[in-house]
Amino acid sequence: MSQPVPDVVGDPVCSARRCTAEAAWGLLWNNPKLHTPDRRKVWMSCDDHADYLTEFLQLRGFLMSVVEVDDLLATPVSA
C-alpha cells in the first residue's frame, strides 16, 4: 500500500470561512465514507483558526495529522 499523499494545495490561505490570513498549518483529513484510505484532503489554517478547525475535524473522526505549511508545501506530489 502506498503512503498517503495530500491533495495539491494552492495558495496557503486559511480555509476558515471569511478568513484571508496566511496559513501556518495544514490539516490533513479523510472522510472514510467518501475517500479511499490513502487520500488526504487538506484544509489550511492560520494560527487563529487552528484549534477550531482541528476540533471540527477531530469530532467527526476525520483528522489524520497537522503539519506546518512549509512541510506541506515541500511534500512531493505524485502525478
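Predicted model: local features only at pLDDT ≥ 70, side-chain atom pairs only at ≥ 80, totals over all residues.
Me: What makes up the chain, in helices and strands?
Reply: Two helices and four strands. Helices (H or I, at least four residues) and strands (E, at least two) are DSSP runs, numbered from the N terminus. Along the sequence the pattern reads β-β-β-α-β-α.

Me: Why is asparagine 30 called buried?
Reply: Buried means under 20% relative accessible area, exposed over 50%, and partly exposed in between (1.4 Å probe, protein chains only). Asparagine 30 has 4%, so it is buried. Buried residues make up 32% of the 79 residues in the chain.

Me: Where is asparagine 30, and which residues does it touch?
Reply: Asparagine 30 sits in the loop between strand S2 (25–29) and strand S3 (39–45). Leaving out residues up to four places away in sequence, asparagine 30 touches His35, Thr36, Pro37, Arg39, Arg40, Phe62 and Met64. Contact means heavy atoms within 4.5 Å. Asparagine 30 and arginine 40 are ten residues apart in sequence, with 5.5 Å between their C-alpha atoms.

Me: What lies 2.8 Å from a polar atom of the side chain of asparagine 30?
Reply: The backbone oxygen of threonine 36 does. The backbone oxygen of arginine 39 also lies 2.8 Å from a polar atom of that side chain.

Me: Why is the pair of tryptophan 29 and phenylalanine 62 called stacked?
Reply: A search of the whole structure finds four aromatic pairs. In this one, the ring centres are 6.0 Å apart and the planes are at 25 degrees, so the pair is stacked. Rings of Phe, Tyr and Trp (its six-membered ring) pair if their centres lie within 6.5 Å; planes under 30 degrees apart count as stacked, over 60 as edge-to-face and the rest as tilted.

Me: What parts of the chain does this pair link?
Reply: Distant ones, 33 residues apart. Tryptophan 29 is in strand S2, and phenylalanine 62 is in the loop between helix H1 (50–59) and strand S4 (63–68). Tryptophan 29 is buried at 12%. Phenylalanine 62 is buried at 17%.

Me: Which residues do ring pairs link into a cluster?
Reply: Trp29, Trp43, Tyr52, Phe56 and Phe62.

Me: What makes arginine 60 lie over the face of phenylalanine 56?
Reply: A charge sits over a ring if NZ of Lys or CZ of Arg is within 6 Å of the ring centre and within 35 degrees of the ring normal. Arginine 60 is 3.6 Å from the ring centre of phenylalanine 56, and it lies over the face.

Me: Why does proline 6 count as buried?
Reply: Its relative accessibility is 10%, so proline 6 counts as buried. Proline 6 belongs to strand S1 (residues 5–6).

Methods: Residues numbered from 1 in each chain as written. Heavy atoms only, no water. Polar contact = N/O pair within 3.5 Å; in protein donor to acceptor, adjacent residues only side chain to side chain.
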